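Here is a short briefing on one protein model. Keep the sequence and the 3D view open while reading.

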Amino acid sequence: MNRLRRSLLFMPGDSLPKIRKATTLAVDCIVMDLEDGVALSQKVAARQVVVEALQSFDFGARERFVRLNEIEREHFLPDLEATIGARPDGYVLPKVSDVDQLRQLSDLLDWAEARRNWPTGVITILAVIESALGIMNLREIAQATPRLRALLFGAEDLASDLGAMRTPQGVEVAYARSAVVMAAAAYRLQAIDMVFFDLNDLAGLAAECEVARQLGYVGKMAIHPKQLPIINHAFAPTAAEIEQAQRLMDAYHARLAAGIGAFEFEGRLVDGPVVRAAETVLARARQAGLIE
């Protein structure tokens, strides 16, 4: 079972106070950003801030990620070299468009782990898919490395790459949004939905989260703490879903003991996929601390 990644909060890597604040919030993953969230003149200072945060802050159960600059840029290797010794839980690689980019990062992490006598594969990778080429290469990208845990959908850069006009409905990125979650499901990865940029439209955020969950996304990127309660709530099972899943599993185990395969439950035929869906609901509920 993948670990819970309902909410991924991006914090600028050059702001120690903001990263410290993130460690007090109800968030599953904290992403310390060295890419878009940091001005060019602050890149070097940001690396030092991220290392200090990793070495001195208590992140609790929150996963600690660093977003690198894209792999073709001059800042990528210095980002990695400066931060790897502080042993983040993983790296977010932006603008992934082909399999070689992930393999290159994975090879560098292999070398870094071996040099430090760390277990192989302890550092994970999350890949941001935000270009037309990335969408076209999803099958290969999703199989690039065992380190890869999730695909993150970046709608803004994708729309720019397409020359598309962004709309509140998101019709211009609908195909790509579905393609990312399809590829993630096919190769047993998690799919994390796009950023919602209007910080004052919390109702709009909730609506977008609902659609994302219906599509199969398990979490969403956040850029402000006020977004976290809505995101965490949206990507956790509801009380009604948990109760129904528990009833179904009770019925399933009773039928299993009696040697019965498929059966009817509350007007619906229950077979293997339905049982697995109920098991997933209960597993995510446990991860979220909603049930024991």
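Gly-259 follows helix H11 and has a positive phi, near 80°. The model is predicted.

**Helix H11**
- H11 covers residues 239–257, 19 residues in total.
- From first C-alpha to last, H11 reaches 27 Å, close to the 27 Å expected at 1.5 Å a residue.
- Its buried residues are Ile-242, Ala-245, Leu-248, Met-249 and Ala-251.

**Helix H8**
- H8 spans residues 174–186.
- Its 13 residues should span 18 Å at 1.5 Å a residue, and the end C-alpha atoms are 18 Å apart, so the two values agree.
- The buried residues of H8 are Ala-176, Arg-177, Ala-179, Val-180, Val-181, Ala-183 and Ala-184.
- Arg-188 follows H8, and its phi is positive, near 60°.

**Strand S2**
- S2 (residues 29–33) is largely enclosed by the rest of the structure, because 5 of its 5 residues are buried.
- Both faces are covered. Cys-29, Val-31 and Asp-33 are buried on one side, and Ile-30 and Met-32 are buried on the other.
- Strand S1 (residues 7–12) runs parallel to S2, and 5 bridges join the two.
- Pro-12 has Asp-33 of S2 as its bridge partner.

**Nonpolar core**
- The largest nonpolar core holds 71 residues.
- Leu-102, Leu-151 and Phe-153 touch the most other members of that core.
- In soluble globular proteins, nonpolar side chains tend to be buried together.
- Leaving aside neighbours within four places in sequence, Leu-151 is in contact with residues including Ala-127, Ile-129, Leu-138 and Ile-141.
- Val-180, Ala-183 and Ala-184 are also among the contacts of Leu-151.

**Ser-131**
- Ser-131 lies in the loop between strand S5 (124–129) and helix H5 (132–136).
- Is Ser-131 buried or exposed? Its relative accessibility is 14%, so Ser-131 counts as buried, the cut-off being under 20%.
- Beyond its neighbours within four places in sequence, Ser-131 is in contact with Val-96, Ser-97, Leu-158 and Asp-161.

**Aromatic rings and charges**
- The count of aromatic pairs comes to 1.
- That pair is Phe-57 with Phe-59, and it is tilted. The centres are 6.5 Å apart, with 45° between the planes.
- Phe-57 is buried, with a relative accessible area of 16%. Phe-59 is buried with 3%.
- Arg-87 lies over the face of Trp-118, at 4.8 Å from the ring centre.
- Arg-116 also lies over the face of Trp-118, at 5.5 Å from the ring centre.

**Arg-116**
- Arg-116 belongs to helix H4 (residues 99–116).
- Arg-116 is partly exposed, with a relative accessible area of 27%.
- Not counting residues up to four places away in sequence, Arg-116 touches Ile-84 and Gly-85.
- Arg-64 is 52 residues from Arg-116 along the chain, and their C-alpha atoms are separated by 19 Å.

Note on methods
Residues numbered from 1 in each chain as written. Predicted model: local features only at pLDDT ≥ 70, side-chain atom pairs only at ≥ 80, totals over all residues. Heavy atoms only, no water. Core = buried A, V, L, I, M, F, W, Y, C linked by side-chain atoms within 4.5 Å. Buried < 20%, exposed > 50% of the residue type's maximum accessible area, 1.4 Å probe, protein only. Contact = heavy atoms within 4.5 Å. Helix = DSSP H or I, 4+ residues; strand = E, 2+ residues; numbered from the N terminus. Phe/Tyr/Trp six-rings, centres within 6.5 Å; stacked < 30°, edge-to-face > 60°. Lys NZ or Arg CZ within 6 Å of the ring centre and 35° of its normal. Expected span 1.5 Å × (residues − 1). Pairing = 2+ DSSP bridges.
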